[in-house]
Structures are given as C-alpha cells and as structure tokens.
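Colleague: Please take one part of this model and look at it closely. Then set that part against the rest of the chain.

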Amino acid sequence: MEDRGRAADRSTHPATERLGGAKIDIRAVSHHFDLPAGPLPVLDRVDLVVAPGEFVALLGPSGCGKSTLLRLVAGLEPAAEGELLQDGEPITRPDPSRIVVFQDPTLYPWRTVWDNVALGLQARGLLKTQRTRVDEALARVGLTQFAQAHPHQLSGGMAQRVALARALVNDPRLLVLDEPLGKLDSLTRLTMQSELVALWQRAGFSALLVTHDVEEALFMAQRVIVFSDRPARIVADIANPLPYPRHRGHPRLAALRHQALRLLGLDATW
Ligand SMILES: Nc1ncnc2c1ncn2[C@@H]1O[C@H](COP(=O)(O)OP(=O)(O)OP(=O)(O)O)[C@@H](O)[C@H]1O
C-alpha cells in the first residue's frame, strides 16, 4: 500500500489510524429469501476475503444478489448459511465501524448539511466533544462552504458528497458502497470516482463497492469480483494492480474491461 499516501489525514482520524481497515471474511455464505411460492436462492457458497485497507468491487448481472451480500456484510440481516467475520469476530448486527452508502443519499431535508453529517456522532452521544470531526468530514468532501445549506439547495453530486461525509465522520473501518454513484450524471460520476478513491487512499478504510459499471469497478478497485446469475456465485476474481492515481486510458484497463465483459457474457467489441 506504499502508493496510498494517506499519512497526513490519519492524525485527525484516530479510530482508523489505530485499527486500520477491517479484514472481512465471507465464508461459504449461501442465502435465500422465503417467498410465498417457495425459497428464492440468492447467494451460493460465496467465499471472499477483503484484506485490511483493500478496495474490492462486486460486478454481476442485475438481481444476482450483490446488494444482498452487502446487507449481510453490513450486519443488516443474518446469512442463512456460512459465516461472515470482521477481524475474526462474527458479524451479527450493524456497527458504526461498517458504514453503508446507498445510491440515494437519503438526507433529512429539514436539517442543514452540517446537521446531516453530524447524525452518527449525535446518535452515539459524541457530538458535544467531537464537533470538529463534522467540519473535517465536510472539508474532506469539499463542502465546507455549504455547511449551513439545506439538501434542496444541493446538486445530486453534492448531496452524495454529504452522504459520504456522513459516513466518513464515523471513521469507518469498512465502507460498504451500494451503487453510490448510480444516480449521478456521467461527468459528475467520473469526478466522484476519483474523489472517492482519494478519500479511501487518505483514510485507510476497506471498501466494498457494488456497481453495474465495469469501467468504474476497474478504475476504482484493486480487485473486481464477478458474480454469476442468481443465485450468485463467484466466477472470477480479477486483480487490478495498477497504481493510483490511475489513468482512464491505460491499456491495461482496456484489457481488463474486455476480460470482465466476457465473463459477464457481453461482447466487448462495443
Ligand atoms: N427482502 C427481500 N425479500 C425477497 N426477495 C428479495 C429481497 N431482497 C432481495 N430480494 C431478491 O433477491 C434477488 C437479489 O437481489 P439483490 O438486490 O441482492 O440483487 P443485485 O445483484 O443487487 O441487483 P441489482 O444489480 O439489480 O441491484 C432479487 O431477485 C430480489 O428480488
């Protein structure tokens, strides 16, 4: 991780500094939903290890089970079979060390940007003593000037930056990203991809990203996991060793894109 240059920010983020990114072990996890017509199998013996501080992207056909896997990792529901561990401890419930960022920023419209970002600290009774963390999180996403704005005064990209700041203020050890840039226009999306990578480089959390965008996965992640149709099983684990910052036109990215599209059953000539 020598290329990550994040030492400068670490002094202000004691939890991540002390503990680093989380190691996540997903061991033989299978899952299904009980529908009136019978069980719907969604995950099929998924084995995956996310190393501390690693950025891993999950790609797969729509509806195969990627978000379900993120929900299990986040501790939002228990796996039907197998186990999920964070640093060797079973994941049994949501925890502030694992923060989920969804496609929709879901900000409270009546609260200012600052107050939205402060939510996590407030809920944990830490706001009184740690108000500067809110300011720091806003600075990290470039929204200091908008601290007193309300969500309706923000663009889609800015709202998603607020959602990121709201996650970062908790010093997550794992950031669980479920299509976080999916609703943004394509130019904002490209900018935010670079910003998110820069945040990850500075803060040192582990990241698990679900995206439908092959280029996004390859541009951002160190590994791209490709899933089959539902029930999702892992069909490939593609390493992307390119150092950061990455150049979108790098020929290696084009070759990896071709490989990923082929694995997804798509013709990579268009
Ligand atoms: N709570 C639930 N109850 C019943 N079925 C569910 C539930 N959540 C998800 N499913 C079903 O599980 C399957 C996998 O859903 P999931 O959202 O994990 O897929 P996905 O790969 O993230 O999809 P997409 O890429 O389209 O977002 C889908 O068929 C979905 O309808």
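Modeller: Over residues 26-254 the chain is 31% helix and 27% strand. The end C-alpha atoms of that stretch are 30 Å apart. Helices (H or I, at least four residues) and strands (E, at least two) are DSSP runs, numbered from the N terminus.

Two ground rules. This is a predicted model: local features need pLDDT of at least 70, side-chain atom pairs count only at pLDDT 80 or more, and totals for chains, interfaces and linings use all residues. Residues are numbered from 1 along each chain as its sequence is written.

Now the sheet. Six strands form an open sheet with mixed pairing, in the order β6-β7-β8-β3-β9-β10. Two strands pair if DSSP finds at least two bridges between them. At the edges sit β6 (98-101) and β10 (234-239), each pairing on one side only. On average, neighbouring strands of this sheet are turned by 15 degrees against each other, direction ignored. Axes are lines fitted to C-alpha atoms, for helices over the stretch in contact; angles run from 0 to 180 degrees between N-to-C directions.

Contact between two residues means C-beta atoms, placed from the backbone, within 7 Å.

Next, the other pairings. Strands β1 (residues 24-35) and β4 (residues 81-86) run antiparallel, joined by five bridges. I24 stands opposite Q86 in β4. β4 also runs antiparallel to β5 (residues 89-90), with two bridges. Here Q86 stands opposite E89 in β5. β4 and β5 form a hairpin with two residues between them. D87 in the turn has a positive phi of about 50 degrees.

Then the ligand. Around it lie F33, L40, V42, G60, S62, G63, C64, G65, K66, S67, T68 and R230. A residue counts as near a molecule or strand if its C-beta atom, placed from the backbone, lies within 6 Å of it. Two elements give two or more residues to this shell: β2 (38-50) and α3 (66-74). α3 gives the most, with three residues.

A139 lies in helix α6 (residues 131-140). A139 is partly exposed because 13 other C-beta atoms lie within 10 Å. The scale is: buried at 20 or more other C-beta atoms within 10 Å of the residue's own, exposed at 12 or fewer, partly exposed in between, with C-beta atoms placed from the backbone. The C-alpha atoms of A139 and A165 are separated by 8.6 Å, though the two residues are 26 apart along the chain.

Last, the whole chain. It has ten helices and ten strands. Its radius of gyration is 18 Å, close to the 18 Å from the globule rule for 270 residues, so the chain is as compact as a globular protein of that length. The radius is taken over C-alpha atoms; the rule is 2.2 Å times the number of residues to the power 0.38. Along its principal axes the C-alpha trace spans about 50 × 45 × 35 Å. Buried residues make up 39% of the 270. Among contacts between residues at least 6 apart in sequence, 71% join residues at least 24 apart.
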